[in-house]
Amino acid sequence: MKTHPITPAEFEQSLRSSPKALVMILLLAVGARALGPGPGFLLGYFIILPNLAMALGLGVFQEEYEKGHLRYFWGWPIGRTTLWLVKLVSALTFLIVIAGCVGLVQALWPTGAIAPPPREVMLGPIGPVGPNTMLWLIGSLALFALASGMVGMGACRSAKHATFICLPLIYMPIALVFTFMLWFDIVPTAGVVATMFTAAAVVLLIGAYVLFRLRNPFLEQVWVWRGVAALTAATAIGAAALGLPLAMLTGGGLSRAMARGVTMFEVDPAGPWVYVTLSDMRHNHLAVLDGEGGWVAYLGKDQGWLPWGMSRHPDGSLLTEQMTLGPINAQRRALFLHPPSGPPRVIFEDDEFDNANRTVFSIQWVAASNDGSVLYGTEISFDVDSQTQQHMLIALDTDTGRLRRAPLTTDQISVFGVLPDGRVVADMQPQQPYNADYSSSELVLLDPWQNKTTPIELPEDTIEVVLFKDGSALIALVQTIDGNRVSYRVVRIGLPGLESTEMTADPPLPSLPLQALLSRGVPSIGAGQDWQTGGALLTHRAYGTDNPTRYWLLPPGEKQWIGLTAEQNTYSVPFLSPNRELWAAFVRDWTSTSPNLELHVMRRARDGGRPEMVLRQPVKFAMQQPQWLDNDRVLYLHNESSNPAAPKTRLRVLNVRTGEDTAFTVMDPALLAETTDR
Amino acid sequence: MADPIPGTDTSTPAVVIRELVRHFGAVQALRGLSLSIERGSVFGLVGNNGAGKTTAIHTLMGLLPPTGGEVSVLGLDPGRAGQDIRRRVGFFPERDEPYAWLRLRSLLQMGALAYPDWDASCAAEWCERFNLDTRKRFKQMSKGMAAKSKLVAALSHRPELLILDEPTSGLDPGSRQDLIEAIQSLHREGVTILFSSHNLDDVERVATHVGLIDQGRCVLHTACEQITERFGRVRVTPNAAIDLSLLDERAEARLEVDGDVHYLVSDRRADWLAALVARFGGTAVVEPADLPAVFRLITAGDRPAPEAVA
């Protein structure tokens, strides 16, 4: 390949200008990083890098245009397209060097190593972004900014004027993203935004080339504002035309957190109170309503509430919460909440990173003592320097906020749960998911406070183990193969005494052909903790058919299994009414291609009789389970939007006695925000 | 017999311009410029600032498209074969410079990549002749050194036609002398040279032909040796009865006063001027007309331009 004549000059120019430029870039990157890993990352890659890329774009032909060097070389027989490409490649190379410098500072910063790059990064409303997508996003943004600079310089031939064009131009796609959010209720994924940036960059690069070819350095051509305006409009329209359909078509195009309306709810029968998370386009709000949808308390905004982590406390309710403050750094909290008393009280708060000790903490709250006075969790601390991790049991006094730690082990450990007395049920040899083999597990009852370990003997062929939320018992699901039949049974292991009791279910657990197990590879019966009661729930679901799903539910403290049989294949787990007469679940017709769902309310079959359908109600949204407000009313989320990518969800309440389906009065998020501002 | 390859027919003039028009918005830079340059000649293009010299040169190089008229350089149309022309022509722009930080050796390296016929030994020879340090950057060079460097870059591919736009402008006498000698040397080698200049002495010294542009038109186009035949110049010793300014006003001759000495210059022959002076009772001594005097005669005030002569 023939070398273009401009190449030696470009190389010489790069060598000449690089040291100063790199020192400046490194200083900027260090300055940004000094603000902390989160702000430093955002400032480095989303402010400094694009602006440097824009400056680089301006500089690609700044000297040639402003000092007339193009006029000199235009008297030579040189290929102008090739010259443009050589300059572009040179700029791209330098851009990669700039990005590398910023990245180097991020990586080599003393505390940088405890924020490893592979982690997902929270990007505001867009949500968490993985490393590959982040790389694409940063690269496309930088390329777009570079192209903007080249267009600005090509249009104005004066860096000062071009800067005024480029500064708003480089934030145009971001403005488009916000337009999508505000007008179309869609938050594009990082991938869609990166695609938009890439498309816009390509349009601008073509525009920059056309401008370069149209501009004659021997002519005093006037400022081509019409061309720039047309190019900017074409870029905006092109990016929007590509980005909007992409955002609507991609399943992940919608940020759930930004879906408008009620995004989560949980009924606390103690009130009854209903915790609702409401989202507008800017904030998430957590509020407490009474059983009629009336206003009780506003609990805060923009915090990653997890209402279902609720544990009881004699004086109210105890919520566990995980809150993310920055794009990388996170903070964990535990809160005490008594709705009538107003805002929650923070009883524990800690950063995920301890920069001074170069340690990363990962805390998981697991359970509370029965009286609610102690909140238990596990903590994994990772020492960056020694690359070792330590498992601890943590106990938080919910009255004093005092935290106690007890080491568990430095080996891999899977904590099933914490007993009210602070002992831990853990698996010392955790298996891979779906391994369905507990034969090699070492399930133990640990007392880290006394440093005692008691093995828990599981029946042979145990395939699932469920710990009651209150820590009163373990349920082992045992699978037995006899000839060509597979049968199941359950064994209750009392805690902390570890006494085993064989349980019989009514109706009995099924005996199935071995072929059914072999063809699917996983057991037909699954076991798990029941979300509602904290007990055990066995599910026998015939996947891909419309055969009725069957459930066996054992609430803590009960001696008998509650058998529930759906009318067809259910979509969600059943929720029992408080008096346990009725249950509700979402149901989908698997034999149809239609994704339509129904909310079924069933009466429990008594004495082996057939289940009775009480009510069936079409629903459009089943992201969260229905819940019983009381014995007559089921609360569920309803999507009012016809756009599946942008749901607007509202709570509705279905009265199963009257069949009346009405809106559950929930304050509008905007109104809610105004209320809180006051 | 097959047609010759375009641009290789040496019997045609090196440059032919017919009725060249170039407008810059409302400004008419060239208003029907016509001239031709014979191969092997040294053509001096002279004119006042803004007369259109540089515009004409840029059009020849294919750097500016003409508004109207025809241009042929080495038998090629600059609008269609600009790259071919630039490959065969050496161009010395007046104001345009390479990057200030560029070393001369890098410029020559670029030239070797740009021109297929680049002769590195020729470049080295000229650098030595001009005593140029190729390690120096342009910003470290004097104006004369920079001009010589640009000239080396323009002629090291051994061009058939060398176009120099104000090569001696602003140079010290030594550098000017070096460049003039270089042009003379290249002329002896048979290179066709077009150079524009404000300095009429330089043009007189090296040009075989001269073209005078005024307000976008060629108002004089002649061989230098014909200037003395076409224009008359007499030194006048006036008496009291003669009013020489009257002759100037009647556009029959231009009066030039140099101290106590009076000259009359005209596009008529010198003996006609001498006779005219004698009719008024004065005494006239015939002297050869020089280019500066002719330039002043033609470009002065609203005097009607003489018909251009090929």
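In the predicted model, A:R550 stands opposite A:T565 in strand 28 of chain A, where strands are DSSP runs of E of at least two residues, helices are runs of H or I of at least four residues, and both are numbered from the N terminus. Strand 27 (residues 550-554) of chain A and strand 28 of chain A pair in the antiparallel sense over four bridges, two strands being taken as paired if DSSP finds at least two bridges between them. These strands belong to an open sheet of four strands in chain A, with the order 25-26-27-28 and antiparallel pairing. Its edges are formed by strand 25 (525-529) and strand 28 (562-565) of chain A, each of which pairs on one side only, and the twist from one strand to the next averages 20°.

Residues are numbered from 1 along each chain as its sequence is written, and chains are lettered from A and ligands numbered from 1 in the order in which they are written. As this is a predicted model, local features need pLDDT of at least 70 and side-chain atom pairs count only at pLDDT 80 or more, whereas totals for chains, interfaces and linings use all residues.

The axes of helix 6 (residues 131-156) and helix 7 (residues 159-170) of chain A come within 8 Å and cross at roughly 145°, with axes fitted as lines to C-alpha atoms over the stretch in contact and angles running from 0 to 180 degrees between N-to-C directions. Residues of helix 6 of chain A, including A:F144, A:S148 and A:G152, meet residues of helix 7 of chain A, including A:H161, A:I165 and A:L169, contact requiring C-beta atoms, placed from the backbone, within 7 Å. The residues of this helix contact divide into eleven nonpolar, five polar and no charged, where Ala, Val, Leu, Ile, Met, Phe, Trp, Tyr, Cys and Pro count as nonpolar, Asp, Glu, Lys and Arg as charged, and the others, Gly among them, as polar.

Of the 166 residues in the largest nonpolar core, A:A142, A:F144, A:L146, A:A147, B:I163 and B:I193 touch the most other members. Not counting residues up to four places away in sequence, A:A147 touches A:G57, A:A201, A:L204, A:L205 and A:A208.

Between the chains, 21 residues of chain B are in contact with 19 residues of chain A. On the side of chain B that touches chain A, helix 2 (82-88) and helix 3 (104-114) of chain B are the elements that give two or more residues, and helix 3 of chain B gives the most, with five residues.

Technical notes. Two residues are in contact if their C-beta atoms, placed from the backbone, lie within 7 Å. A nonpolar core is a set of buried Ala, Val, Leu, Ile, Met, Phe, Trp, Tyr and Cys residues joined through C-beta atoms within 7 Å. A residue is buried if 20 or more other C-beta atoms lie within 10 Å of its own, exposed if 12 or fewer, and partly exposed in between; C-beta atoms are placed from the backbone.
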